[in-house]
Amino acid sequence: MVVWLFSGGGQTELQGLIHFLEANYSFHRFERKTPARLKPGPKPNRLPTQRNLGHTGTALAEQIREVLPVSCRFDNRCDLILIIDDLDCHEPEQRRAMFEETVQSVPEANGIQRIIGFAAPEIEAWLIADWNHTFAADYELRAFHKALQYRLGQNGVAFVTPENFSQYDDARDACALKLSEMLANEVFEYSNIRYSKADHSSRMLQHAQANVIAQKCPEFRVIHNGLNHE
């Protein structure tokens with residue numbers, strides 16, 4: 001089954017997400033539509049690739065509204081559309097309805113099945129859910145992973161339910177506390193290593209086990225069950 005992936009976010013999703021999906025759902029063939037790498041020179045019948053990196057929420061919805069018709073017209077038709085975005089403490093059903101309306105607004109996509117799922121609050125929650133295959137195994141982080149785990153717990157991370165970190169802040173229109181920022185601060189505190197979503201998060205994501213994450217992350221379970229069902 002050919003799956004078109006529309007993902008929000010930046011370097012973690014660009015470098016790690018497609019590998020994670022391919023490793024865990026090898027019975028599908030994934031084609032990443034967003035985010036996309038910046039490529040030199042214009043490409044006929046394609047939208048500018050620099051617009052495809054770093055979007056989330058309503059900006060990602062608008063991007064899908066632009067990219068999806070082009071893909072339907074100029075690429076071989078897919079069997080499934082997969083949308084994954086950071087929830088960032090927004091209400092999941094409202095966000096799911098927004099993306100559903102976005103796909104429905106594209107006539108060319110009529111009849112294509114879709115899965116709309118979220119990394120809640122960020123994709124780093126998946127890494128925390130499968131600690132043994134990520135932080136505990138990473139060559140840079142494993143030496144102090146127990147101390148890091150303790151500190152994260154002290155800062156509100158629930159390892160059995162990592163999606164429950166923080167709460168919505170209306171002033172920020174996002175989480176009051178960013179999981180990735182808190183994680184980076186704690187890593188630096190213990191090791192002087194500057195944690196990078198592009199390097200560390202994407203690298204660990206490629207080794208994460210979807211079945212383990214699904215046990216602890218209900219929002220991820222929507223993606224997991226959907227891909228296993230299709």
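Cys 89 is buried, as is Cys 175, where buried means under 20% relative accessible area, exposed over 50% and partly exposed in between, with a 1.4 Å probe and protein chains only. The model is a predicted one, in which local features need pLDDT of at least 70 and side-chain atom pairs count only at pLDDT 80 or more, while totals for chains, interfaces and linings use all residues. Residues are numbered from 1 along each chain as its sequence is written, and side-chain values use heavy atoms, with hydrogens and water left out.

The structure contains one disulfide, a term for a pair of cysteine sulfur atoms within 2.5 Å. This disulfide links Cys 89 with Cys 175, at an S to S distance of 2.1 Å, and the link is right-handed, with 95° about the S-S bond. Cys 89 lies in the loop between strand S3 (80-86) and helix H3 (92-104), whereas Cys 175 belongs to strand S6 (residues 174-175), so the pair ties together parts that are 86 residues apart in sequence. Helices (H or I, at least four residues) and strands (E, at least two) are DSSP runs, numbered from the N terminus.

| Cysteine | Nearest cysteine sulfur | Distance |
|---|---|---|
| Cys 78 | Cys 72 | 6.5 Å |
| Cys 217 | Cys 89 | 14 Å |

Cys 78 counts as buried at 5% relative accessibility, and Cys 217 is buried with a relative accessible area of 0%.

Val 70, in helix H2 (residues 57-74), is buried with a relative accessible area of 11%. The C-alpha atoms of Val 70 and Ile 115 are separated by 20 Å, and the two residues are 45 residues apart along the chain.
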